[in-house]
Every structure is written in structure tokens, then in C-alpha cells.
Amino acid sequence: MLAAKFNLLAEQGAKLNLTFVWKDKDGVVVDLTTYDMRMNISPAYGTAQVKYGTWVASTTTQAGDIKIGPSDIGTPDGSDGKVVISIAASVLSTWTYNDYVYIVELTAADGITVSRLAQGLFSVSKEIPNS
């Protein structure tokens with residue numbers, strides 16, 4: 001599977017919400033109930049992540065500044081194929097204005113099969129203070 005390429009723009013100090021739906025080559029939604037999820041943001045491909053978020057399906061736990069998980073993180077059910085990503089305004093307010101790259105990857109329950117769902121540029125635009 002080739003990753004979808006999307007360039008994303010986040011505004012420093014504003015909340016960012018994204019939703020991806022994974023469908024197979026025939027357009028059928030993939031059940032993500034047992035998939036772990038990860039989003040990494042780095043200065044360039046092949047470099048260390050500077051921001052991340054993970055979801056572990058077996059324990060329904062998250063880690064990192066980026067919230068990632070199935071459609072309803074409170075009562076997770078990945079049967080609708082949705083990957084929901086959220087970065088709080090309070091978190092984005094601390095990010096430096098910059099251009100980054102990102103990847104969203106899903107790992108199957110076997111712990112070996114990794115599918116890259118999306119990738120691209122991730123830009124943070126600078127906040128303009130009110131005073």
C-alpha cells in the first residue's frame with residue numbers, strides 16, 4: 001500500500017483535528033480494532049522525531065503530545081476505519097514555527113506488519129500575539 005500524501009498546516013496556539021479513513025484497494029473500510037497507531041513529526045525523513053503520538057490497541061493507551069487513536073478514543077472501536085489525530089491548542093502554542101515532515105503508521109496485531117497510512121509536510125504557522 002502506498003501512503004497517501006497530504007501537506008498539513010497547523011496554526012501555533014490553535015487546536016488541530018484530523019481524521020483519516022483507511023480503505024483497501026477495493027474501497028472497503030479496514031477494521032482497525034487491533035491496530036496500534038503512531039504519528040511522528042521530524043525535521044526531515046530519516047531524522048529523529050521531535051513530536052509523536054502513539055495508540056496501543058491491546059491496552060487502549062496513548063502516549064505523546066499528539067493524540068491518535070480510533071474514531072472514539074473514549075470507547076475505542078476501530079471498525080469504521082478511522083484514525084483520529086488531535087493536537088491541543090496548549091500543545092501547539094509551545095511548538096516552534098517550522099516546516100517538518102510527518103508519517104502516520106499502523107501496526108497490525110502481529111507486531112510486524114506496518115502500513116504507512118499518510119505522510120507529507122507538516123508546517124506550523126506562527127501565532128500573531130493580540131497585544
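Here are some numbered notes on the fold, the strands, the charged pairs and the aromatic rings of this structure.

1. **Ground rules.** This is a predicted model, in which local features need pLDDT of at least 70 and side-chain atom pairs count only at pLDDT 80 or more, while totals for chains, interfaces and linings use all residues. Residues are numbered from 1 along each chain as its sequence is written, and side-chain values use heavy atoms, with hydrogens and water left out.

2. **Overall build.** The protein has one helix and 10 strands, where helices (H or I, at least four residues) and strands (E, at least two) are DSSP runs numbered from the N terminus. Read from the N terminus, the order is β-β-β-β-β-β-β-β-α-β-β. The radius of gyration is 15 Å, close to the 14 Å that the globule rule gives for 131 residues, so the protein is as compact as a globular protein of that length. That radius is taken over C-alpha atoms, and the globule rule is 2.2 Å times the number of residues to the power 0.38. Along its principal axes, the C-alpha trace spans about 50 × 30 × 25 Å.

3. Of the 131 residues, 38% are buried; buried means under 20% relative accessible area, exposed over 50%, and partly exposed in between (1.4 Å probe, protein chains only). Among contacts with a separation of 6 or more, 58% come from residues 24 or more positions apart, a contact being heavy atoms within 4.5 Å.

4. **Strand β4 and its partners.** Five of its seven residues are buried, so β4 is largely enclosed by the rest of the structure. It runs antiparallel to β9, to which seven bridges join it, and antiparallel to β5 as well, through five bridges. Two strands count as paired if DSSP finds at least two bridges between them. On the β9 side, Arg38 stands opposite Glu105; on the β5 side, Met39 faces Gly53.

5. **A three-stranded sheet.** An open, antiparallel sheet is formed by three strands in the order β3-β8-β7. Here β3 (16-21) and β7 stand at the edges with a single partner strand each, so one side of each has no neighbour in the sheet. Neighbouring strands are turned by 10° against each other on average, direction ignored; axes are lines fitted to C-alpha atoms, for helices over the stretch in contact, and angles run from 0 to 180 degrees between N-to-C directions. The antiparallel pairing of β7 with β8 (residues 82-87) rests on three bridges, and Lys67 stands opposite Ser86 in β8.

6. **Salt bridges.** Side chains of opposite charge can pair when their charged atoms come close. The structure holds four salt bridges, each defined as a side-chain nitrogen of Lys or Arg within 4 Å of a carboxyl oxygen of Asp or Glu. In one of them, Arg116 meets Glu105 at 3.2 Å, N to O. Arg116 lies in β10 (residues 114-125) and Glu105 in β9 (residues 98-107), so this pair ties together parts that are 11 residues apart in sequence. Glu105 is buried at 10% relative accessibility, whereas Arg116 is partly exposed at 29%. Arg38 joins Glu105 and Arg116 in a network of salt bridges. Elsewhere, Asp26 bridges to Lys25, with the closest N and O atoms 3.7 Å apart, and both residues are exposed.

7. **Aromatic pairs.** There are four aromatic pairs in the whole structure. Rings of Phe, Tyr and Trp (its six-membered ring) pair if their centres lie within 6.5 Å; planes under 30 degrees apart count as stacked, over 60 as edge-to-face and the rest as tilted. Trp22 and Tyr35 are edge-to-face, 5.6 Å centre to centre and with 80° between the planes. Trp22 is buried with a relative accessible area of 9%, and Tyr35 is buried at 17%. The ring centres of Trp95 and Phe122 are 5.8 Å apart and their planes are at 55°, so that pair is tilted. Trp95 sits in the loop between α1 (89-92) and β9 and Phe122 in strand β10, so the pair ties together parts that are 27 residues apart in sequence. Both are buried, Trp95 at 2% and Phe122 at 0%. With Tyr102, these two residues form one aromatic cluster.
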